Amino acid sequence: MDFGPFLLLALMEGLVMAAVLALTAVGLSLVFGVMRVVNVAHGEFFMLGAVAAWFVTSAMPGPPAVGFVAALLVAPLLVGGIAALADRLVLKRLNYDPEATIVATIGLLYILQQAALTIYGPDARPVQAPFEWRIQFPWFGYSGYKLFVVFAAAAVLTAVWLFMTRSRIGLVMRATQIDRDMARAFGINVDRVYAGVFAMGAGLAAVAAVLIVPIQQAHYLMGGDPLLLSFIVVIIGGLGSLRGTLVAALLIGLSDGVISVFFSPTLAKIIATLFVALVLVFRPQGLFGAKQ
Amino acid sequence: MKALALHLALIAVLFALQFVLPPYHHTNIVRVMVLAVFAMGYNIAFGYTGLLSLGHALFFGAGMYTAGLLATGEGTALLALPAGVLAGGAAAFAVGLLALRTAGVSFMIVTLMFAQAGYLTVLYFGAFTGGDEGFVIPNAARALGPFDLSTDTPRYFAGLALFAVALLANLALVRSPIGRVMVAMRENEERSRMLGYNPFTVKLFALSVSGLYAGAAGAAYALMFGYVGASFAAIQYSILPLLWVLLGGAGTVLGPFVGALLMFYLIDLSSSVTTAHQMVVGVALLALVLFAPKGVLGALRDRGLKWLP
């Protein structure tokens, strides 16, 4: 294959990755923005979403599309429920102290991972795509499902954006983000907002996982990479800024795709992690964030 | 005085213990002593200076790989051990120069990212490091002068010597003026700055000493147990010292040892019942942070043993 088509393939792979990454990272960013909690267990919520998708699709009779749609509805609700429970039982009792919550979410990470290993087992298992359809380019064929992932992610992200900017609940969330005490003074139930935001962040990770699972199999250790990459995206985009997160997801997803295809995935990750560390040191508001 | 006596007594007990322990626990205690040195280093940064790092696996790994690669290559163990110690210190110094410009949550993430980059680098240069599988150090390369670390008794003595030196140095450090300044940084950075101390240099010093400890533990672990692998540079080995220190009591000299010992045997005992080690680690972290944020010795210090350093 010539360089041009090869680059196109790399960019398309990068775009799929960027779409899923954007969903996962927006969940992480939302939780950090509103609650000031760095959720190290975010990758495990992603993993739980994928595992839940496997259970739902293998339990549903009928064509794969039915099971897939069911998974798309059930997995985020289930994972969001677990997250809300974790918020009530653990994070709330720590009073959302930043350092204590990091240690606690590390504990949560281990517990969720082990639970998945015990219940789901150590194997990677595939989930059938809801439809088989190939787009034939002059140089190579490409999976239509992957393009569907990009559009689905874009639709969910638009919905999240509308929810945050246009709905009353979104308004309450943003008010809590800006000033928690003042929000409470105005009669907002901050505890419930926090539980809702934590559940929503985890649910977004679960949606991303359900979308990716027909491409990449469900495995109990699959949470590591999305966690690391979401961190990278959220930090480069500016902690808590949704627009920055989107731009950074595109940037990281595309460059990761290109570097992984032409060089090595490990090298791509080394560069990205070092880049993030340097961004945090020299430009803590993120590349796209405004100076405080 | 009481404190010094207590620490010397612990070393004496560990010395005597080797004559009565069955072989299995004999090896375990050596392991715990070396890991306790790692935890002590972590405690100097986290417990005393208030630097919550999530990247100490980098320093441990730097010591381990430097020592392991030198011992299997041209050098001898006698050279590899101090080189490993220095590598850990140098890595911590370099990370500190950048990471200490941030604080709190950012500091945690920056150290995490540097450690992750280090871990991925080990994987990337798999041709030299053996990647995920790691490599075994041949027994011939593990002789520290006349002491062959691949045999039980010299290994125990080497572990005990390292532990004793590290423990007494730690005690001396926290009682010295610079140790007091480190605690002052943890308690109130602004006020310490007003009193004329430079937070950056004090923290850099603490982090570098912490790195020297971690490097020493990593190098000793490689030479004593003859295996170097990427899993020792992975995130798990940044979390474990945090767990040990939290369990034993942050900001106490003996806490890291107590934490490492308890956790080691907790996992050891639980593995006869269940294979879910990770669950034990996770539940322990949650329980500590929720119910006992001061750890075992921290709680004892609050309840009467005020002299505990």
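Predicted model: local features only at pLDDT ≥ 70, side-chain atom pairs only at ≥ 80, totals over all residues.
In soluble globular proteins, nonpolar side chains tend to be buried together.

Which residues does Ala206(A) contact, once its neighbours within four places in sequence are left aside? They are Phe45(A), Phe46(A), Leu48(A), Gly49(A), Ala52(A), Ala75(A), Pro76(A) and Val79(A).

The next subject is chain B as a whole. Its secondary structure consists of 14 helices and 4 strands. Chain B has a radius of gyration of 19 Å, close to the 19 Å given by the globule rule for 309 residues, so chain B is as compact as a globular protein of that length. The C-alpha trace of chain B spans about 55 × 45 × 40 Å along its principal axes. Of the 309 residues in chain B, 50% count as buried. Among the contacts in chain B with a separation of 6 or more, 78% are made by residues 24 or more positions apart.

Finally, the reader may turn to the contact between the chains. It takes 32 residues from chain A and 31 residues from chain B. On the side of chain A that touches chain B, α4 (98-120), α9 (224-237) and α11 (265-282) each supply at least two residues. The element that gives the most to this side is α4(A), with 14 residues. By type, the residues on this side of chain A comprise 23 nonpolar, 6 polar and 3 charged.

Conventions. Residues numbered from 1 in each chain as written. Chains lettered and ligands numbered in written order. Contact = placed C-beta atoms within 7 Å. Rg over C-alpha atoms; globule rule 2.2 N^0.38 Å. Buried ≥ 20, exposed ≤ 12 C-beta atoms within 10 Å, placed from the backbone. Nonpolar A, V, L, I, M, F, W, Y, C, P; charged D, E, K, R; others polar.
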